[in-house]
Amino acid sequence: MVDKKSSSSTIIRDRDRELLLPITNPTNEDNNQSSPKPSSSATSFAHHPGRETFSKVLRSWASKKFMTGCVILLPLAITFYVTWWFTHFVDGFFSPIYEQLGINIFGLGFVTSVSFIFVVGIFMSSWLGASVLSLGEWFIKRMPFVRHIYDASKQISTAISPDQNSRAFKEVVIIKHPRAGEFAFGFITSSFVLQSYTGEEKLYSVYVPTNHLYIGDIFLVNSKDVVRPNLSVREGIEIVVSGGMSMPQVLTTFDSGVNQYGPRNNPS
């Protein structure tokens, strides 16, 4: 009896011991072995979020400073390149003559070309020069293809001519275009009087460029509807060519009775 009781108590004790021990699942062990442990670099990066913020700020600062340098240096580089090219281009007119004479001085042809242009301007301002120019234009306009090129180039050059009598663009104006509440820059090219049964009306022929200066539209505007800003023709051309980037911050207008070329009733 005693042996049976001791054996039964031993079995119960072993059963209780098995219940107290943790039971391991083989699938959990496989999952634990297959799941990768986080690397030390990822752990350290997770513990240092400030590094990512600092790198973003540094990249943003570097890109901004680089673009600032490009914005500053690009117009300077273009200016020096165009100046250098123009100097070589003008210097090439007379430098071959000096090379034939054995004189190799850089810039001498450029100075000679500028002096020649200056002398031509003085000569053409005289009566004799104007006569020679008229005779040359008479021959050029008899040529079938060359006359069109000459007429187009002459119209562009006379637009910025310092001579007010021969200048194509008489004055810079602002007109209402293309609809109410919108305005456009234009250039007065001529003026005339429109006669009708209601009376006479003075109109201006206003050229409004649509593609820089060589393509545009002509509008006939009443003299009362024209706004004259305090701008010269050269300044107006700069505004049109630059796409409005050279526009002054404040524009003032002339008095209603006068303009920069004289009385308002005689703009041409």
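**Rings and a helix face, term by term**

Visitor: Why is Phe 110 called partly exposed?
Guide: Phe 110 has a relative accessible area of 24%. Buried means under 20%, exposed over 50%, and partly exposed in between, with a 1.4 Å probe and protein chains only, so Phe 110 is partly exposed. This is a predicted model, in which local features need pLDDT of at least 70 and side-chain atom pairs 80 or more, while totals for chains, interfaces and linings use all residues. Residues count from 1 along each chain as its sequence is written, and side-chain values use heavy atoms, without hydrogens or water.

Visitor: How many aromatic pairs are there in the whole structure?
Guide: The search finds seven. Rings of Phe, Tyr and Trp (its six-membered ring) pair if their centres lie within 6.5 Å; planes under 30 degrees apart are stacked, over 60 edge-to-face, the rest tilted.

Visitor: What makes the pair of Phe 86 and Phe 110 edge-to-face?
Guide: Their centres are 6.4 Å apart and their planes stand at 80°, so the pair is edge-to-face. Phe 86 lies in helix α4 and Phe 110 in helix α5, 24 residues apart. Helices (H or I, at least four residues) and strands (E, at least two) are DSSP runs numbered from the N terminus. Phe 86 is partly exposed too, at 43%.

Visitor: And why is the pair of Phe 169 and Tyr 207 called stacked?
Guide: With centres 5.8 Å apart and planes at 20°, the pair is stacked. Both residues are buried.
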